[in-house]
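Hi,

Here's the structure I promised to pass on.

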Amino acid sequence: MNLYKTYLSEIKNIVIKNDYFAKVGQKNFFKGVNIQNPPEKFDYDFSSNIAMVISKTLNENPKIISQKIKLLLLKQQKDFKVVDVAGPGFLNFKLTQEAWLKIIKSTFKSKNIFGSNKGNKKFNVEFVSANPTGPMHVGHCRGAIFGDVLSNLLKFCGNKITKEFYVNDYGNQINDFTHSVYFRLRELKYSEPFPSQKNLYPGIYIIDIAKKILKENPKLKFDNFNKVKNKLTKDSLKLSMNLIKSDLKKLGIKHDLFFSETKLIKENLVDKTINKLRKNKFIDYGYLEPPKGEENFNWKKEKKLIFKSTLFGDDLDRALQKSDGSWTYFANDVAYHSTKVSKKYDYLINVLGADHTGYIKRISAAVKALSKNKISLICKVCQLVKLFKDGKPYKMSKRSGEFISVNDILKEVDKDSIRFMMLNRGNDVELDFDFNKVLQKNKDNPVFYVQYCYARINSLFKSAKFNLKKEITINTNDFKPNDFEIKLLRKIMEWPRIVDLSVQKYEPHRIPFYLYELATIFHSYWSKGNEDLKFKFIINGKVNNLLSFMIFQLLSVVVENGMNILGVSLPKKM
């Protein structure tokens, strides 16, 4: 139940049915009308700008219109106890006791679907897609958690989700990776020094892979690279992907589908996709402008096969072939997205690293062309993560080579802290990951503060010998919430709206923000009970205020739903 949507719809219906307003008959009469939370200094449950918006159409003073609407609502909307006009024409509302109790009852009954907006779309969410040349690093970690939580959020709202990982197991980097394993094998078997070539992967994890291959293939000879190349590539990629899957599992992430780039090549999917686009006249031979900075040197004008991406909103048309006639990385990517389009998803979501921002327009144009503008591609870029400890940049041991791995971080902090804190800011800004903060047990550590809120609620219900899952009821006359309780109720009723906004904007970071604010109100209430007996929850073994426990049940429902979306555990005792 989204009260903001419910009451907005009812207010619109009441207004438009009135003769004074119905005569306008404008199609966009209510465009821009909303219901929001008034500033805390105004003690109201909801606020609406309806009078100010429609006053422009009616060409009347919004204060006069707001007075007319106020009288209509007081007469026809029985849930509103108070309707007041404020400022230039805002309408502020307070709900009746009966309305609040009805809402609480309905919310508790909905429990694990409270906040869901009942979507029914098919989403493909591709995320991580790290090169299979070693374990995941801290940069992958943020995108992995973002993609997983976004998938959970969309699934919570009733959509069907496929979580996909694109395995870049073709190209020069794979050849370099296989060479690295080969040289480590020779180092282990023949005591040869590992070459100091720039294109090789120096990480200790390569030695681990080599040891496993050696153990599983004791009779395999390593005196000629070309003879063992295919076998080494297959085994090395399998072991490397096992490392990545292990890292993902430790973070609580499991993909539904792993798609291999090699499959594109073996099944000629690039050629098939190019032919499809050619039939639709989206591809032709032509000349591209030189890249910026290369107008006068290092650039040769050549006729190439070009995708007309400017027809679909891109800034430039894009080459599909290199000078030697081989396919570009972009051509492979177009073919890969063609496989997604063929599966009839409603939406494709790509979670990208910070270095892929410039790639968005061209691949979005390709999806439009492939789907004939029927499927939307949403690209979400996750910016860099900076690690800090004691107020300084934190340099961890790099067993993996030239990067900090997920395993390195997991040795310092647990999965719950990583998942929560990686969403502590919007994906489009850089994130500071402070090790000191996530190890503290106070309000400066958001994940602890939310978990502690839930643990405290469980301890209260245990002390009161109440079942947290069994509905508590009270009489209308007993509904007399104090300031903390009304703040909690109002915040709890924001939950469906937060979920709606998070889904509409594909911004799962709104969930931990909201949960932290909700937990803060609860902890403030708890602390007040230590100062003033009137606010204490249990006195001499007896419940002081049953309404508090009724509200805490709703609070636990929201925290459970929110933390399930985040994939963060909720201990009952801390």
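Two strands count as paired if DSSP finds at least two bridges between them. Helices (H or I, at least four residues) and strands (E, at least two) are DSSP runs, numbered from the N terminus. One heads-up: this is a predicted model, where local features need pLDDT of at least 70, side-chain atom pairs count only at pLDDT 80 or more, and totals for chains, interfaces and linings use all residues. Residues are numbered from 1 along each chain as its sequence is written, and side-chain values use heavy atoms, with hydrogens and water left out.

Let's start with the sheet. Three strands make an open sheet, in the order E8-E9-E10, with antiparallel pairing. Strands E8 (283-286) and E10 (318-319) are the edges, as each pairs on one side only. E9 (residues 304-307) is joined to E10 by 2 bridges, and isoleucine 306 sits opposite alanine 319 in E10.

Next, helix H19 (residues 495-505). It's largely enclosed by the rest of the structure, because 8 of its 11 residues are buried (under 20% relative accessible area, with exposed over 50% and partly exposed in between; 1.4 Å probe, protein chains only). Among them are Trp495, Arg497 and Asp500. The buried residues of H19 pack against several elements, including helix H1 (3-17), strand E1 (35-36) and helix H20 (510-531); contact means heavy atoms within 4.5 Å. Just after H19, tyrosine 506 has a positive phi of about 55 degrees.

Last one: serine 417, in helix H15 (residues 415-421). Serine 417 counts as buried because its relative accessibility is 6%. Leaving out residues up to four places away in sequence, serine 417 touches Phe433, Val438 and Val447.

Cheers
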